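Hi,

Here is the structure I promised to pass on.

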Amino acid sequence: MISRFGYFTRETVISLRRNLMMTIAGIITVMISLLLFGGIMLIARTFDHGTAKWKNGVELEIFMNVKASPAQVEELRAQLDNDKDLVQSYRFLSHQDAYEEFKRIFRDQPALIESTTPEVLPESFRVVPVRNELTEEVKNKYETAPGVQQVVTAQEQVKRILRAIQFVKYIIWGMAAALLASSLFLIVNTIRLATFARRREIEVMKLVGASNWFVRVPFMAEGIVQGVIGAGLAVGVIWALKNLISNVLKNRQDLFQSFYVTSADAFGIGVLVLLIGFLIGLIGSTIGLRKFLDA
Amino acid sequence: MIRFEDVNKVYKGDVVALRNVDIEIAKGEFVFLVGPSGSGKSTFLKLLLRDEVATTGRVLVAGRDIGRLGSWKVPSLRRNIGCVFQDFKLLPNKTVYENVAFALEVIGRPRHVISTQVPQILDLVGLSKKTDNFPSELSGGEQQRVSIARAFVNRPLILLADEPTGNLDPATTVGIMRLLDRINRTGTTVVMATHDQRIVDAMRRRVLELDHGSVVRDQARGVYGVGT
């Protein structure tokens with residue numbers, strides 16, 4: 001058993017070195033495709049954490065019409081006070097409060113702040129429902145109240161952002177899939193070349209009755225080594241990316257303060273990437289060997 | 001040991017390679033397979049190696065219908081059949097020793113078995129002084145001895161030889177035939193396809209003559225051509 005392992009190791013290394021350029025090309029494409037794939041996964045996880053936080057502390061924003069009368073505002077306030085079944089708490093933002101927030105958000109654009117006055121910004125109620133699931137119900141109930149301009153739920157904002165992210169994700173995933181396919185073809189080709197280079201040995205092996213597995217294993221190992229090395233490099237870069245994201249997001253006080261990515265996330269993605277690399281190598285070498293297996 | 005039961009082999013394009021071949025070869029026999037090129041000798045050997053499968057009829061080796069073997073069982077069949085070719089099929093980048101050891105290595109024999117059996121067999125074929133030479137450094141006869149050593153190192157029940165002396169001069173041929181005869185005396189069944197009239201006439205063994213895929217002669221102590 002030990003001598004057999006030694007044999008496989010030796011043959012695999014020899015074959016990898018014989019097709020060095022093809023091997024490197026295979027490794028690099030596996031790496032890039034898996035890097036894209038893993039990178040997207042990592043960023044997606046970051047956003048998941050961020051949006052999860054939003055979802056939990058769901059706030060609805062009931063925006064009053066800018067020209068809503070104080071009476072209408074008071075009416076709504078009374079309604080919210082009495083709606084113990086749906087409303088857990090709420091906060092009222094006056095014109096002035098809205099202006100303060102506006103100034104904070106657009107602090108980098110003084111021109112915009114200057115041209116804006118508190119009166120043009122609507123008053124609003126920030127409502128926390130009793131339970132998350134009640135968000136829609138609250139929305140429906142107050143949307144039609146007099147003086148209400150619109151009810152915006154956090155979920156809607158989140159959904160809009162997620163839709164945009166999703167779209168970008170699909171594009172990058174498409175690119176990753178195309179690259180993954182090309183890395184598969186490269187591995188198939190490398191294995192074909194390797195079997196061609198060693199056709200005499202394969203002929204003799206079959207002649208003396210080497211089992212099919214014995215003939216196949218070094219080639220499959222060759223494909224798997226390429227896939228796993230490529231994946232390993234991708235994991236290394238993903239890990240660096242994780243640290244970069246963590247550093248950028250650390251101590252942020254703005255919208256992104258709730259975005260983060262854990263080591264567990266990166267670890268899970270790393271394992272997945274390695275697994276895909278392994279499978280690509282395995283499938284690539286199996287396809288590469290198919291022709292010669294038939295004989 | 002070997003049995004062909006009404007075997008027909010038709011290749012693509014209706015090329016008939018073997019026609020109603022029905023013969024039996026006993027254990028320990030030495031059989032010459034003669035006939036012109038294209039008479040079906042190679043197909044006969046390929047069927048035994050399960051390189052090809054009979055179109056109709058059965059080919060039995062040691063009682064087993066090898067046409068019905070699963071592809072995963074073909075290796076175990078081939079471990080019992082040694083094979084020698086006109087072009088030797090040696091690996092040029094391996095030494096004599098390594099070429100023979102390779103045959104044992106790839107069927108998973110343990111290292112201590114390899115290190116005892118390879119020197120033994122190289123001694124048998126008379127190459128114990130050339131173990132570290134590469135095939136390109138050997139004469140044709142020596143290369144064929146290496147190939148015989150490789151075919152026989154695993155002590156197969158059957159040794160197939162396809163024109164083993166086709167590339168060799170007469171003097172070398174005699175040496176190779178002596179070696180095959182010696183292997184046959186250990187109880188190994190030998191089937192040898194050949195064009196070489198002199199060796200068939202000299203050996204006086206069983207002769208199977210094929211012509212256009214049919215067995216036209218089966219003679220116990222035959223010569224190459226009828227009536228010569």
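**What I found**

Chain A has 10 helices and four strands. Keep in mind that this is a predicted model. Going along the sequence, the order in chain A is α-α-β-α-β-α-α-β-α-β-α-α-α-α. Of its 295 residues, 32% are buried. If you take the contacts in chain A between residues at least 6 apart in sequence, 88% of them join residues at least 24 apart.

**Where the chains meet**

The contact is made by 15 residues from chain A and 16 residues from chain B. On the chain B side, the elements giving two or more residues are α2 (74-78) and α3 (96-105). By class, that side of chain B has nine nonpolar, five charged and two polar residues.

**Cores**

The largest nonpolar core has 72 residues, and the ones touching the most other members are Leu33(B), Leu48(B), Val100(B), Ala149(B), Leu159(B) and Leu160(B). The element that gives the most to this core is α3(B), with seven residues. There is also a second, separate core of 39 residues, and among its members are Ile27(A), Leu36(A), Ala221(A) and Ala231(A).

Back to Leu33(B): leaving out residues up to four places away in sequence, Leu33(B) touches Lys41(B), Phe44(B), Val191(B), Met192(B), Ala193(B), Leu208(B) and Leu210(B).

**A strand pair in chain B**

Strand β6 (residues 81-85) of chain B is largely enclosed by the rest of the structure, because four of its five residues are buried. β6(B) pairs in the parallel sense with strand β7 (residues 158-162) of chain B, over five bridges. Within this pair, Phe85(B) stands opposite Asp162(B) of β7(B).

**Helix α6 of chain B**

Which residues of α6(B) are buried? They are Thr173(B), Ile176(B), Met177(B), Leu179(B), Leu180(B) and Ile183(B). These cover an arc of only 160° around the axis, so they sit on the same side of α6(B). In general, an α-helix has 3.6 residues a turn, so residues three or four places apart point the same way.

On the other side of α6(B), the exposed residues are Ala171(B), Arg178(B) and Arg185(B). The cover over the buried residues of α6(B) includes α5 (140-152), β7, β8 (189-193) and α7 (197-203) of chain B. Just after α6(B), Gly187(B) takes a positive phi of about 105°.

Cheers

How values were computed. Residues numbered from 1 in each chain as written. Chains lettered and ligands numbered in written order. Predicted model: local features only at pLDDT ≥ 70, side-chain atom pairs only at ≥ 80, totals over all residues. Buried ≥ 20, exposed ≤ 12 C-beta atoms within 10 Å, placed from the backbone. Contact = placed C-beta atoms within 7 Å. Nonpolar A, V, L, I, M, F, W, Y, C, P; charged D, E, K, R; others polar. Core = buried A, V, L, I, M, F, W, Y, C linked by C-beta atoms within 7 Å. Pairing = 2+ DSSP bridges. Arc of directions from axis to C-beta.
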